[in-house]
Amino acid sequence: GDPDFVRIVEVGPRDGLQNESKLLSVEQKVHLIKGLIDAGVSYIEAGSFVSPKWAPQMASSAEVIQQLPERKDVVYAALTPNLKGMEAALQTQVNEVAVFTAASEAFNQRNINCSIQESIERFQPVFALAQERNIPVRGYVSCVLGCPYEGRIEISQVLKTTKLLLEAGCYEVSLGDTIGVGSTHQVANLLKALLSEIQSDRLAVHFHDTYGQALANIDTALNLGIRTVDASVAGLGGCPYAKGASGNVATEDVVYMLHGNGLKTNIDLNRLAMVGNEISALLARNNGSKAGLALSQA
Ligand code: HMG
Ligand code: MG
């Protein structure tokens, strides 16, 4: 592909909303996603097929995805942690699914109630069904730069978990700094180690902005050849494990940086900023995007 093109994976409707205390209606979520599409966003993680006890905000995912416009140029993705989730996802017009595990055993236990190894086993029927239906599977590894329970995470553990997911059938693994603790040199060290064994087009970065490091960390990843970046409009979300924590890096800020650096996204930043303002107002929260705020005042 074009080395100047950066693929943006918009996770606001999933990672963002799953961590917002205010519940949105199906109509409100559909409206948000349609706004993102109109702004040129072409990959949207639209929901999550997990236990509604764990993530009540995601309980309406099937209805939301069913009400989205049929678009050949837009990927609708959803999280599917196990067979049950995959079966539910397949009842919808979802084009891609994602499985998720962590580089930290303690985090994985609390997040999906099993060990890393067990999680890979639970994903087997997900991969089998995906293959049958020709649905690409994305993978997430959480806690790649630190864990709320274990603290420091060894690079070797991230490499091992990432390779497990790729070998099991993921076309790409998104590396999650789940609690946003990493800084640029740590990102560079991690990515250099991974890139010595894994092609850059099989890795994505998924940085939460808890400590304000996400944009710098993304730039570091871009300089090392990464071309897929996860982000959340208006920086939606938070982290249930870290009080006062902000959400994913804001999509508007990422797009502003990319366009400023001569990279392409096909996203209309002004329209995206309007979507970010609107959803922030609806959730009665501050807009977590600096670029979004600046553009709305311009
Ligand atoms: P479990 O308790 O081990 O599973 O949970 P189980 O099979 O024993 O089932 C327990 C109950 O859940 C049963 O219901 C099942 O039917 C139900 P009950 O009999 O008690 O009424 N159940 C389901 N319901 C709906 N959909 C399903 C499903 N599976 C079981 N797919 C499970 C295992 C994975 C289900 C649970 O731990 C869970 O739902 N965890 C989700 C946690 C979550 O959503 N975390 C946030 C997403 S990950 C993330 O945000 C990180 C990421 O952004 C990257 C980063 O930032 O690092 C991706
Ligand atoms: Mg996340």
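Helices and strands are DSSP runs, numbered from the N terminus. The model described here is predicted.

The protein's secondary structure amounts to twelve helices and eight strands. Its radius of gyration is 17 Å, close to the 19 Å that the globule rule gives for 298 residues, so the protein is as compact as a globular protein of that length. The C-alpha trace spans about 50 × 40 × 40 Å along its principal axes. Buried positions make up 49% of the 298 residues. Contacts were also examined by sequence separation. Of those between residues at least 6 apart in sequence, 72% join residues at least 24 apart.

Ligand 1 has 23 residues around it. Those that come nearest are V50, G85, S142, G176 and T178. Several elements contribute to this shell. At least two residues each are supplied by α1 (12-18), α4 (83-90), α5 (105-112) and β5 (137-142). By class, the shell holds nine nonpolar, twelve polar and two charged residues.

A helix pair was examined next. Helix α11 covers residues 269-282, and helix α12 covers residues 290-297. Their axes come within 9 Å and cross at roughly 100°. Angles of 65 to 115 degrees count as roughly perpendicular, so α11 is roughly perpendicular to α12. On the α11 side, the contact involves L269, N270, A273, G276 and N277. These meet A291, G292, L295 and S296 in α12. The contact comprises four nonpolar and five polar residues, with no charged residues.

Notes. Residues numbered from 1 in each chain as written. Chains lettered and ligands numbered in written order. Predicted model: local features only at pLDDT ≥ 70, side-chain atom pairs only at ≥ 80, totals over all residues. Near = placed C-beta within 6 Å. Helix = DSSP H or I, 4+ residues; strand = E, 2+ residues; numbered from the N terminus. Nonpolar A, V, L, I, M, F, W, Y, C, P; charged D, E, K, R; others polar. Axes fitted to C-alpha atoms, helices over the stretch in contact; angles between N-to-C directions. Parallel < 35°, antiparallel > 145°, perpendicular 65-115°, else oblique. Contact = placed C-beta atoms within 7 Å. Rg over C-alpha atoms; globule rule 2.2 N^0.38 Å. Buried ≥ 20, exposed ≤ 12 C-beta atoms within 10 Å, placed from the backbone.
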